[in-house]
Amino acid sequence: MSEPKKIVVIGAGWAGLAATSHLVNQGYDVTLLEAAAHPGGLVAGWQTPGGRSVEGGIHGFWYPYRNIFNQVKALGLNPFTRFTRSSQYSPAGLEVESPLFQNEPRLPAPLGTFIYTQFKRLPLSDRLSALPLLYAVIDFDNSDQAWQNYDKMTARELFKQYGVTDRLYRDSFEPMLLVGLFAPGEQCSAAAALGMLYYFILAHQSDFDVVWCRGTVGARIFQPWIAQIEAAGGKVLTNQRVTDIVVDQSGIATGVQCGPEFFSADAVISGVSITGMKKIVANSQTLNNYPQFRNLSNLKGIDVLATRLWFDRKIDIPLPSNACFGFDATTGWTFFDLNDLHDEYHDEAHSVVEADFYHANQLLPMSDEQIVDKVHRDLTTCIPAFGSATVIDSSVIRVKEGVTHFFPGSYQYLLSATTDIPNLYMSGDWIVTRHGSWSQEKAYVTGLEAANRVVEQFGIGSQANIIPIEADEPHIQLARTLNQTLKEWTQFIPNPWLV
């Protein structure tokens with residue numbers, strides 16, 4: 001009987017765990033390498049010396065995360081809260097409240113999002129200025145050609161060209177970009193903006209509904225998942241920082257180097273972030289021979305600041321999840337009522353709040369004390385009752401280039417699942433896929449796609465079943481068909497929106 005094929009997976013986040021889990025269950029000898037002390041990447045959680053739970057930012061699980069929900073169900077876990085409502089604040093106060101869209105009568109997309117969202121200050125005339133933008137939503141079909149067309153412009157340019165008013169952009173679209181793509185519109189690809197907005201908000205009425213983990217994702221999901229992987233024969237090794245992917249003279253990867261230690265492999269899957277992959281390439285003796293890996297130096301991440309504050313009293317926070325804009329130029333932030341969301345704080349007599357800042361490069365140099373004071377002030381601006389409360393404990397986590405930056409022109413440098421090294425496969429939320437998902441769901445899906453490439457290569461085992469995103473509603477399908485037909489008839493006439 002032949003030895004099982006050896007697979008090395010790099011990075012124990014959603015992508016790496018998805019690939020590892022599937023391949024272990026197909027009989028492969030899989031070793032999962034994680035550079036940090038805790039599996040999970042940015043969603044890993046751990047405890048402070050005082051025994052308090054912290055993590056590198058709160059992560060939501062949106063209604064269309066069908067594959068992640070399916071995996072969690074298969075693990076027999078119940079880690080999620082109920083679906084929650086959310087609100088949005090500016091320095092002027094409460095701006096928007098969102099209902100549970102799945103509880104409202106379903107309307108053709110995107111009417112439900114437009115009608116049921118409760119804007120407190122934004123005039124109807126400004127909201128109506130978004131109607132011409134629907135053409136771009138229809139035209140952007142997640143194809144390679146659509147990405148090439150729209151990735152050349154900024155999201156700000158896109159909204160301006162389609163007549164979105166300055167106020168609607170400032171009070172609605174840019175806040176979505178700051179907490180969805182983690183950067184201001186002038187620094188976001190228009191293609192990424194359309195893809196993100198469609199997936200999370202516009203495609204179907206319920207897509208914006210979200211649940212949260214009732215504790216850290218690391219403890220509630222990843223730890224039991226890893227235990228199942230190890231019980232099935234997989235090996236999960238932490239504190240293993242990859243320094244090179246070794247390639248033989250024929251161009252085939254033979255294994256992974258972690259400092260002095262070598263892990264041989266018949267195939268390698270990367271599930272690390274852009275920042276992590278750039279570090280591997282920078283240290284590599286082999287990957288720098290490939291233009292596609294050298295070109296990764298053109299990509300970059302966005303700084304994240306994750307804070308957790310414990311107060312001396314209970315504050316009434318109207319809704320558990322909140323997004324904020326207008327407090328700092330080019331920075332968006334969110335805050336969460338952990339007494340509501342996390343089981344361990346349900347019965348606390350004082351408030352525990354998570355506040356996460358995105359595109360936070362100008363905040364990272366501040367001291368912990370300065371950051372905590374700023375968060376306290378900003379929370380007080382949103383909810384004045386915080387002004388009479390005292391911070392009794394806090395956690396500040398700085399994540400340099402922690403999330404993917406989809407800037408204009410970045411698409412040409414992104415990698416697909418397959419690479420110029422035939423048995424090296426890529427996965428993660430920055431990998432090109434036609435599935436259509438985003439964020440954690442995209443990372444998980446691309447992990448399964450990479451695992452399927454291994455199954456295809458060796459002809460051993462079954463491919464993972466990947467649930468497609470919900471199909472476009474009939475009127476959207478019709479509009480896209482008509483648009484494609486019209487484009488074919490007028491293919492030699494320049495599109496005035498893309499000049």
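Start by selecting helix 8 (residues 166–180) and helix 9 (residues 190–202), whose axes come within 11 Å and cross at roughly 90 degrees. Helices here are DSSP runs of H or I with at least four residues, strands are E runs of at least two, and both are numbered from the N terminus. Axes are lines fitted to C-alpha atoms, for helices over the stretch in contact, with angles from 0 to 180 degrees between N-to-C directions. The two helices are therefore roughly perpendicular to each other, a label for angles of 65 to 115 degrees.

A word on the model: it is predicted, with pLDDT of at least 70 needed for local features and 80 or more for side-chain atom pairs, while totals for chains, interfaces and linings use all residues. Residues are numbered from 1 along each chain as its sequence is written, and side-chain values use heavy atoms, leaving out hydrogens and water.

Now show the side chains between the helices: Phe173, Met176, Leu177 and Gly180 of helix 8 meet Ala193, Met196, Leu197 and Ile201 of helix 9 (contact means heavy atoms within 4.5 Å).

Next, select Asn322 in strand 16 (residues 321–328). Asn322 is buried, at 2% relative accessibility (buried means under 20% relative accessible area, with a 1.4 Å probe and protein chains only). Its side chain makes a polar contact of 2.4 Å with the side chain of Ser87, and also reaches the backbone oxygen of Leu319 at 3.0 Å.

Finish at Ser270, in strand 14 (residues 267–270). Ser270 is buried too, with a relative accessible area of 0%.

Technical notes: Buried means under 20% relative accessible area, exposed over 50%, partly exposed in between (1.4 Å probe, protein chains only). Angles under 35 degrees count as roughly parallel, over 145 as roughly antiparallel, 65 to 115 as roughly perpendicular and the rest as oblique. A polar contact is a pair of N or O atoms within 3.5 Å; within protein, one must be able to donate a hydrogen and the other to accept it, and residues adjacent in sequence count only if both atoms are side-chain atoms.
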